[in-house]
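Please examine the sequence and the model before reading on.

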Amino acid sequence: MNIHEYQGKELLGIQGVKVPFGIVAFTAKEARQAAEEVKSKTGTDTWAIKAQIHAGGRGKGGGIKIAKSLDEVEALASKIIGMDLVTPQTGPLGKKVNKVLVEQGIYYPGKSEIKEYYMSILLDRAVGRDVIIYSREGGVEIETVAEKNPDLVFKEEIDPGIGLQAFQTRKIAFNLGLDGKSFHEMTEFIFKLYAAYQNCDASLLEINPLIKTSDDLIIAADAKIDLDQNAFFRHPEYIDLIDPAEENPAEVKASQHGLNFIKLDGDVGCMVNGAGLAMATMDIIKLSGGAPANFLDVGGNANAVTVEAGFRIILEDPAVKAVLINIFGGIVRCDRVAQGVVDAYKAIGNIKVPVIVRLQGTNAEEAKKLIDNSGLKVKSAITFREAADIVKESFSKI
């Protein structure tokens with residue numbers, strides 16, 4: 001699960017990682033008040049005004065600005081809040097900015113040069129180890145650096161049996177070209193950052209840029225954290241970090257009904273029980289000339305209510321030109337699913353796209369009779385091949 005920068009920094013701060021002091025604001029007036037408080041706490045006379053959306057590249061899109069007065073803070077915040085921020089990760093429509101982070105400026109003059117680095121921690125599934133990825137070339141062009149100069153990007157694998165070792169943090173600091181106070185600061189920072197990654201049950205922790213200030217402090221100027229939802233039983237407080245405005249509305253609605261739903265870019269809506277069967281269903285849709293519009297797993301406890309909810313969510317997508325319901329009745333009874341389909345079809349009404357239902361397993365014959373005798377324009381199938389042929393035939397008539 002993605003979270004906002006300000007939320008990620010709060011988690012890092014709790015773990016002892018150095019982050020700039022900042023306050024989130026929802027209006028320009030609140031931003032000015034936040035800037036006053038940030039100044040009283042830190043003594044800063046510059047502030048970073050940062051759009052809070054679930055996407056990178058905010059600076060390139062005009063979502064991050066530096067203010068040097070309270071009037072400028074308010075003026076910049078008024079421009080950023082409410083804008084549709086377009087970045088390489090948002091698509092052409094962008095994302096609406098509902099809040100900003102007002103943060104102390106850390107690019108202040110001093111005795112040494114200010115430097116920007118890149119650092120992230122994630123699991124490398126190929127080797128089964130956490131890996132720290134880092135580079136001297138941090139900032140907005142890190143993707144270009146990785147593509148054109150991969151020799152400037154380093155990796156450090158962490159043995160899960162012994163954990164992060166001191167010599168590894170020193171190696172990283174050395175490769176980043178640090179010495180003296182900043183070298184020591186970096187080694188301490190890496191230990192705390194890795195502890196935060198583990199303690200927060202993150203699947204990704206990315207700091208870009210990671211700043212060496214002019215007085216040789218190491219500070220996380222940004223924070224992108226993906227939290228592993230499989231670990232939420234250990235962190236029930238993480239539920240409060242979800243921002244519905246940043247989530248796909250269909251995915252939010254599906255989660256409220258206990259459904260696993262992911263929006264895709266295709267034209268065939270899918271309702272399946274079981275991830276493996278879902279993947280096979282999407283494959284056969286592609287082979288039939290279509291493309292899946294979603295991944296929807298109703299799970300093993302599907303009933304008429306959850307099926308109707310899933311059916312409605314699929315049909316709300318204007319891109320859907322056909323619906324394929326593919327259920328294997330192991331734990332779930334096929335006739336219950338069929339009844340849910342019939343009830344949903346009647347309740348929704350005026351469904352203009354073809355609906356193909358394949359039910360196999362427990363009470364499959366009873367389910368087929370329910371579908372066939374419903375009087376609705378629902379096509380039933382028994383075999384996978386038959387379902388694929390009906391999908392293909394439906395597309396040839398569209």
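Residues 24 or more positions apart account for 67% of the contacts in the protein chain with a separation of 6 or more, where contact means heavy atoms within 4.5 Å. The model is predicted: local features need pLDDT of at least 70, side-chain atom pairs count only at pLDDT 80 or more, and totals for chains, interfaces and linings use all residues. Residues are numbered from 1 along each chain as its sequence is written, and side-chain values use heavy atoms, with hydrogens and water left out.

**Exercise 1. Overall description**

Determine how many helices and strands the protein chain has, and what share of its residues is buried.

Solution. Step one is to count the DSSP runs, numbered from the N terminus: helices are H or I runs of at least four residues, and strands are E runs of at least two. The protein chain has twelve helices and 18 strands. Step two is to take the extent along the principal axes, where the C-alpha atoms fill a box of roughly 80 × 50 × 40 Å. Step three is burial: of the 398 residues in the chain, 48% are buried. Buried means under 20% relative accessible area, exposed over 50%, and partly exposed in between, with a 1.4 Å probe and protein chains only.

**Exercise 2. Cysteines**

Solution. A disulfide is a pair of cysteine sulfur atoms within 2.5 Å. Starting from cysteine 334, the closest cysteine sulfur is in cysteine 270, at 18 Å. Next comes accessibility: cysteine 270 is buried at a relative accessible area of 2%, and cysteine 334 is buried at 0%.

**Exercise 3. Two helix pairs**

Describe the packing of α2 with α3 and of α10 with α11.

Solution. Two packed helices are described by the angle between their axes and the distance between the axes. Axes are lines fitted to C-alpha atoms, for helices over the stretch in contact, and angles run from 0 to 180 degrees between N-to-C directions.

1. Helix α2 (residues 28-42) packs against helix α3 (residues 70-80) at about 145°, with the axes 8 Å apart.
2. The crossing of α2 past α3 is right-handed; a crossing is left-handed if the near helix is turned anticlockwise from the far one by less than a right angle, and right-handed if clockwise.
3. On the α2 side the contact is made by Ala28, Lys29, Ala31, Arg32, Ala35 and Glu36, and on the α3 side by Leu70, Asp71, Val73, Glu74, Ala77 and Ser78.
4. These contact residues divide into six nonpolar, one polar and five charged. Ala, Val, Leu, Ile, Met, Phe, Trp, Tyr, Cys and Pro count as nonpolar, Asp, Glu, Lys and Arg as charged, and the others, Gly among them, as polar.
5. Helix α10 (residues 334-348) and helix α11 (residues 364-372) have axes 7 Å apart at an angle of about 15°.
6. The helices α10 and α11 are therefore roughly parallel; angles under 35 degrees count as roughly parallel, over 145 as roughly antiparallel, 65 to 115 as roughly perpendicular and the rest as oblique.
7. The crossing of α10 past α11 is right-handed.
8. The contact involves Cys334, Asp335, Ala338, Gln339, Val341 and Val342 of α10, together with Ala364, Glu366, Ala367, Leu370 and Ile371 of α11.
9. This α10–α11 contact comprises eight nonpolar, one polar and two charged residues.

**Exercise 4. Surroundings of two residues**

State where threonine 169 lies and which residues aspartate 226 touches.

Solution. Threonine 169 lies in helix α5 (residues 166-175). Threonine 169 counts as buried, at 1% relative accessibility. Beyond its neighbours within four places in sequence, threonine 169 contacts Leu164, Thr187, Ile190 and Phe191.

Aspartate 226 belongs to strand β12 (residues 224-227) and is buried at 17% relative accessibility. Not counting residues up to four places away in sequence, aspartate 226 touches Met1, Asn2, Ala202, Ser203 and Leu204.

**Exercise 5. Backbone geometry**

Locate aspartate 201 and asparagine 363, and characterise the peptide bond from asparagine 208 to proline 209.

Solution. Aspartate 201 sits in the loop between α6 (180-199) and β10; its phi is near 55°, a positive value in a residue other than glycine. Asparagine 363, in the loop between β17 (355-361) and α11, has a positive phi of about 60° although it is not a glycine. For burial, aspartate 201 counts as buried at 17%, whereas asparagine 363 is partly exposed at 24%. Finally, the peptide bond from asparagine 208 to proline 209 is cis, with omega near 10°, and proline 209 lies in strand β10 (residues 202-212).
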